[in-house]
Amino acid sequence: MKSLVLAPFQHLVCSTMADTELTGAEIVIRCLHAEGVKHVFGYPGGAVLNIYDEIYKQDGFKHILVRHEQAAVHAADAYARSTGQVGVALVTSGPGATNAVTGIATAYMDSIPMVVITGQVPTAAIGMDAFQEVDTVGITRPCVKHNFLVKDVRELAETMKKAFYIAATGRPGPVVVDIPKDVTQNTCAFVYPESVSMRSYNPTSKGHTGQIKKAAQMLLEAKRPMLYVGGGAVLGNGAEPVRALARKLGFPVASTLMGLGAFPEPDPQNLGMLGMHGTYEANMAMQHCDVLLAIGARFDDRVIGNPKHFGKEARRIIHIDVDPSSISKRVRVDVPIVGAVDQVLTDMLKQIDGVPDATALKAWWAQIELWRAQDCMKYDRASPVIKPQAVVEALYKITGGAAFVASDVGQHQMWAAQYYKFNEPRRWINSGGLGTMGFGLPAAMGIAMAHPGAPVVCITGEGSIQMNIQELSTCKEHKLPIKVILLNNGVLGMVRQWQEFFYEERYSESYVTSLPDFTMLAEAYGHVGMKIERPEDVEPALIKAFTEHKDELVFMNFITDPRENVYPMIPAGKGLSEMILI
Amino acid sequence: MRHIISLLMENEAGALSRVAGLFSARGYNIESLTVAPTEDATLSRMTIVTRGSDDVIEQINKQLNKLVDVIKLQDLSDGSHIERELMLVKVRAVGEGREEMKRMADIFRGNIIDVTEKSYTIELTGDGKKLTAFLEAIDPSAILETVRTGTSGIARGERILKI
């Protein structure tokens with residue numbers, strides 16, 4: 001019970017409850033109730049049967065039975081991304097846990113707060129190569145923020161409290177709690193700690209005042225300023241202060257794939273997405289700015305390309321991040337500020353007591369407008385075949401930018417990011433770090449459970465959708481009215497694109513033949529299926545899906561141009577100003 | 001640059017593997033790693049000897065600090081410090097060589113802690129260089145077995161690592 005802070009009254013509770021002992025399984029349920037969990041995504045199995053028996057007896061949260069454990073974790077992950085609350089998944093030992101690993105790694109790469117409860121063989125059987133035994137703590141160690149093996153039921157409640165605390169604080173991340181079956185059977189008195197403090201874990205939230213002052217001064221002195229907004233701005237609830245700061249200063253804003261929506265995309269101050277498939281204006285401004293304010297972003301390889309090329313231009317960098325290890329990892333920064341994005345930016349706003357150099361800023365904007373005039377997002381709008389970009393644009397128009405958009409991974413993901421203009425944070429849900437194909441549909445399920453009645457779409461490809469297509473069954477069971485937007489070009493598009501550009505068109509294993517009839521497939525699962533083959537049918541089909549079939553899952557198979565590529569593109573290892581434009 | 005990082009972490013199952021896993025996952029070097037509980041049984045103290053550029057060492061420090069079980073760490077190389085390693089060497093000790101081996105052990109202030117008709121087991125402490133110097137000073141064909149603990153270190157003077 002070291003360093004555990006209990007509220008005084010709980011000691012009373014403890015003494016009166018000493019004779020009413022609960023089983024470990026009951027304790028798990030009570031902990032989830034105490035954390036205010038409303039949805040748990042999971043799949044039962046031998047090691048977690050005691051927990052499932054208790055789930056049967058409670059109605060404090062709803063359990064969503066998925067069809068594959070990977071989907072449970074992705075759904076819990078997207079639930080967390082779209083709400084800001086900790087997502088919860090529950091799987092059994094052995095294959096249940098290994099199936100969950102892809103989902104856990106996905107959440108880890110994108111810093112998503114999540115608690116994954118895994119069953120384990122009984123403590124006496126651990127290490128005996130028991131049936132459905134795997135070293136879950138060992139397997140998940142490199143892809144979790146932290147993990148626990150609970151060997152004694154008396155440690156269970158405290159461990160659960162710590163798991164939720166660690167998952168949600170500092171740089172968020174997934175936490176695995178591995179519970180042997182006998183621990184779920186054994187009994188002890190239950191006390192759920194009010195709060196927890198750990199001597200080894202004290203994340204910083206308030207930024208250094210001196211550094212913030214220095215940063216504010218640097219921003220005011222800038223001639224060619226730029227705000228670089230990453231996923232941390234979304235996860236750290238920094239959208240409000242990002243907007244306030246950008247508007248107060250009149251500076252250009254660009255977002256990473258993970259930061260989309262933190263600043264409203266239709267705003268003229270927004271230069272769009274940065275990086276490998278970012279806009280020309282965003283990448284050029286990033287390369288040529290003289291003061292760069294990085295907000296919850298980590299200068300990763302898909303954003304700045306080659307750090308040596310990035311370093312060719314002199315610029316001063318201010319970097320706000322909750323994780324000290326993200327600072328000066330790939331790029332040296334001048335003013336590091338460790339702290340929570342919302343708090344640091346709010347403090348920074350108070351420190352800005354002046355106006356930026358209006359003449360310099362005007363000249364900088366004039367330069368940016370020249371870059372913007374390149375119109376790097378143009379495509380053939382008169383094409384006789386459906387252009388994937390046109391589908392996303394039509395979707396944006398019809399949903400008014402208000403939909404939750406889950407995406408899979410590949411070309412369709414980039415088109416979704418480029419052509420759907422997000423007004424709000426937590427609307428764009430994709431696997432940016434790990435790039436997990438199969439993420440989209442279960443993610444849409446998680447969002448739909450969290451936001452009943454809200455429009456939820458899943459933009460996907462015919463490669464990705466087949467990696468978790470079994471979840472159409474879960475969607476039917478829970479009547480989730482997801483709109484699946486399949487941009488079907490009949491190829492593994494991003495692979496094909498790289499093979500075209502960098503492998504002299506040797507299309508090795510990138511063509512997907514023998515695709516199913518997706519309309520029939522959707523209907524077989526009890527959903528509405530549509531096949532759309534002509535450009536003029538795109539909008540009417542989408543309208544129909546969102547009106548006539550509003551409350552149903554509609555699987556929309558758009559047959560798109562197989563030769564279309566994602567532009568612009570910075571080839572891997574190249575610099576920001578070495579873009580391939582269309 | 002060679003660095004000696006000392007750290008205090010929760011003495012919990014799997015703590016060592018978290019550190020070792022971090023080094024292998026991120027491609028950092030480990031020259032040696034020693035770990036044992038401290039006077040406070042809930043704490044383990046670890047000494048890691050590593051090499052890397054300043055940037056890499058900075059990342060190693062940050063990544064170690066990020067581990068939930070790590071309470072505090074100190075780069076001993078930042079200040080003056082003492083490092084020691086223990087080595088046990090079993091050597092052949094017969095004929096003329098037997099007396100010579102005893103002399104060498106004395107010169108290096110080693111202790112002979114086990115004796116047979118044909119062998120000595122010598123205990124030596126010192127920094128890594130001293131232990132290596134001993135091995136180079138004796139007849140290499142006489143060495144039967146060596147075992148080294150890896151470096152432990154502590155800062156000189158008032159500087160302490162404690163929670």
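Leaving aside its neighbours within four places in sequence, which residues is A:Glu21 in contact with?

## The surroundings of A:Glu21

In this predicted model, A:Glu21 is in contact with A:Thr187, A:Cys188 and A:Ala189, once neighbours within four places in sequence are left aside. A:Glu21 belongs to the loop of chain A that runs between helix H1 (8–16) and strand S1 (22–23).

A:Glu21 counts as partly exposed because it has 14 C-beta neighbours inside 10 Å. A:Asn186 lies 165 residues from A:Glu21 in sequence, yet the C-alpha atoms of the two residues are 9.4 Å apart in space.

## The packing of helices H9 and H15

Two packed helices are described by the angle between their axes and by the distance between those axes. In chain A, helix H9 (residues 209–221) packs with helix H15 (residues 341–351) at an angle of about 60°, and their axes are 9 Å apart. H9(A) is therefore oblique to H15(A), and the crossing of H9(A) and H15(A) is right-handed.

On the H9(A) side, A:Ile212, A:Lys213, A:Ala215 and A:Ala216 take part; these meet A:Val344, A:Asp347, A:Met348 and A:Gln351 of H15(A). Sorted by class, the contact of H9(A) with H15(A) comprises five nonpolar residues, one polar residue and two charged residues.

## The contact between chains A and B

Chain A also touches chain B: 13 residues of chain A are in contact with 18 residues of chain B. The side of chain A that touches chain B consists, by class, of five nonpolar, four polar and four charged residues.

Terms used. Residues are numbered from 1 along each chain as its sequence is written. Chains are lettered from A and ligands numbered from 1 in the order in which they are written. This is a predicted model: local features need pLDDT of at least 70, side-chain atom pairs count only at pLDDT 80 or more; totals for chains, interfaces and linings use all residues. Helices (H or I, at least four residues) and strands (E, at least two) are DSSP runs, numbered from the N terminus. A residue is buried if 20 or more other C-beta atoms lie within 10 Å of its own, exposed if 12 or fewer, and partly exposed in between; C-beta atoms are placed from the backbone. Two residues are in contact if their C-beta atoms, placed from the backbone, lie within 7 Å. Axes are lines fitted to C-alpha atoms, for helices over the stretch in contact, and angles run from 0 to 180 degrees between N-to-C directions. Angles under 35 degrees count as roughly parallel, over 145 as roughly antiparallel, 65 to 115 as roughly perpendicular and the rest as oblique. A crossing is left-handed if the near helix is turned anticlockwise from the far one by less than a right angle, and right-handed if clockwise. Ala, Val, Leu, Ile, Met, Phe, Trp, Tyr, Cys and Pro count as nonpolar, Asp, Glu, Lys and Arg as charged, and the others, Gly among them, as polar.
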